[in-house]
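These are my notebook entries on a structure I looked up.

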Amino acid sequence: MSVAVPARVGVIGGGRMGAGIAQAFLTAGARVEVVEAGGEAAEAARGRVADGLEETARRGKLDGDVGTVLERLTLLDSVADLDVGTGLVVEAVPERADLKIEVLGAAEAAVSPDAVLATNTSSLSVTELASALEHPARFLGLHFFNPVPASKLVEVVVAPETDPQLVGTAGGWVRALGKTDVVVKDSPGFASSRLGVLLGLEAIRMLEEGVADAEAIDTAMELGYRHPMGPLRSTDLVGLDVRLAIAEYLHRTLGERFAPPQLLRDKVAAGELGRKTGRGFHTYD
Ligand SMILES: NC(=O)c1ccc[n+]([C@@H]2O[C@H](COP(=O)([O-])OP(=O)(O)OC[C@H]3O[C@@H](n4cnc5c(N)ncnc54)[C@H](O)[C@@H]3O)[C@@H](O)[C@H]2O)c1
């Protein structure tokens, strides 16, 4: 298979997003190394990638068989073990700036100086993450969406020091994954989260005010505005805790219009985190 993405890709963190990103590059023909926190976490990450590939195969969309694709996947315990010839490293560890800075610094030390480094952050400042790197010109945001295999969009987030040529190269990689790239200047929430979170927060405020129930609010957007998924169902999919963290960050950086509603805080405190716990603004089996 011809490889239009880098031949070797590293993914740091094999959780929901990291496993999906690994799957995307594997199916495009790359060899992928996934770095996870330790033994059991590594096995769980491998399982997530395998499950994702099985699902793609069931839908008849996998070139080759799952076993052959999985042979190109390696799990590592440490960022320091990344192959020196890796062309691209994408970090997808939890949304904490200190953790991301630590793993990106370790990745920069492990791979060659011409490798590209990327973050999958949904909301943190790419510029701030870049400031800890020795060569920030080779760094940018590649913001994948959940679930990665089915999602068609990747935001290419450009920091002031990002090499302009890299923007075009990264866009080519995104298209080689069968996805569409949109280029966004680094700013809080980029293009997608800034608009998507605002809509979600307003929907929660409408629920608080008793304007309509969750089903009605979602249906209004789905049928009236042709959104494939209403703002409350979409919040359930992302995770109420994840949305709250992003809203808090956007509140601090962009102002009052992003203030998280009390109902969102209450639901997170009660453990109603959306699909992953079976209950959020809707209930799931
Ligand atoms: N979930 C979403 O809808 C979504 C969408 C777009 C972007 N993101 C972003 O992607 C990133 C990851 O989110 P997620 O939902 O996949 O989280 P997750 O919790 O599912 O996965 C994070 C993984 O990182 C691993 N990890 C933690 N510390 C590590 C370390 N030091 N080295 C290696 N691995 C480590 C954890 O074991 C876990 O498997 C976050 O920045 C998030 O904001 C999430």
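**Entry on Ala-7.** I looked up the contacts of Ala-7, leaving aside its neighbours within four places in sequence, and found Ala-30 and Arg-31; contact means heavy atoms within 4.5 Å. Ala-7 lies in the segment before β1 (8-12). Helices (H or I, at least four residues) and strands (E, at least two) are DSSP runs, numbered from the N terminus.

**Entry on the model.** I record that this is a predicted model, in which local features need pLDDT of at least 70 and side-chain atom pairs count only at pLDDT 80 or more, whereas totals for chains, interfaces and linings use all residues. Residues are numbered from 1 along each chain as its sequence is written, and side-chain values use heavy atoms, with hydrogens and water left out.

**Entry on the aromatic pair.** I searched the whole structure for aromatic pairs and found one. Phe-25 and Phe-144 form this pair, which is edge-to-face, with 6.4 Å centre to centre and 70° between the planes. Rings of Phe, Tyr and Trp (its six-membered ring) pair if their centres lie within 6.5 Å; planes under 30 degrees apart count as stacked, over 60 as edge-to-face and the rest as tilted. Phe-25 lies in helix α1 (residues 16-27) and Phe-144 in strand β6 (residues 139-144), so the pair ties together parts that are 119 residues apart in sequence. Phe-25 counts as buried at 1% relative accessibility, and Phe-144 is buried at 3%. Buried means under 20% relative accessible area, exposed over 50%, partly exposed in between (1.4 Å probe, protein chains only).

**Entry on the ligand.** Of the 23 residues around the ligand, I noted that Met-17, Glu-36, Glu-95, Lys-100 and Ser-122 come nearest; a residue is near a molecule if one of its heavy atoms lies within 4 Å of it. A polar side-chain atom of Ser-122 lies 2.5 Å from an oxygen atom of the ligand. For Asn-120, an N or O atom in the side chain is 3.0 Å from a ligand oxygen. Arg-16 places a backbone N or O atom 3.0 Å from an oxygen atom of the ligand.

**Entry on Asp-181.** I located Asp-181 in strand β8 (residues 180-185). Is Asp-181 buried or exposed? Asp-181 is buried, with a relative accessible area of 18%. Not counting residues up to four places away in sequence, Asp-181 touches Val-154, Val-156, Gly-171, Val-174 and Arg-175. With Arg-175 there is a side-chain to side-chain polar contact of 2.8 Å (a pair of N or O atoms within 3.5 Å; within protein, one must be able to donate a hydrogen and the other to accept it, and residues adjacent in sequence count only if both atoms are side-chain atoms).

**Entry on helix α10.** Helix α10 (residues 240-254) has 15 residues and reaches 20 Å from its first C-alpha to its last, close to the 21 Å expected at 1.5 Å a residue; the expected span is 1.5 Å times one less than the number of residues. Its buried residues include Leu-240, Leu-244, Ala-247 and Leu-254. The buried residues of α10 pack against α7 (192-208), α9 (231-238) and α11 (262-269). Just after α10, Gly-255 takes a positive phi of about 110°.
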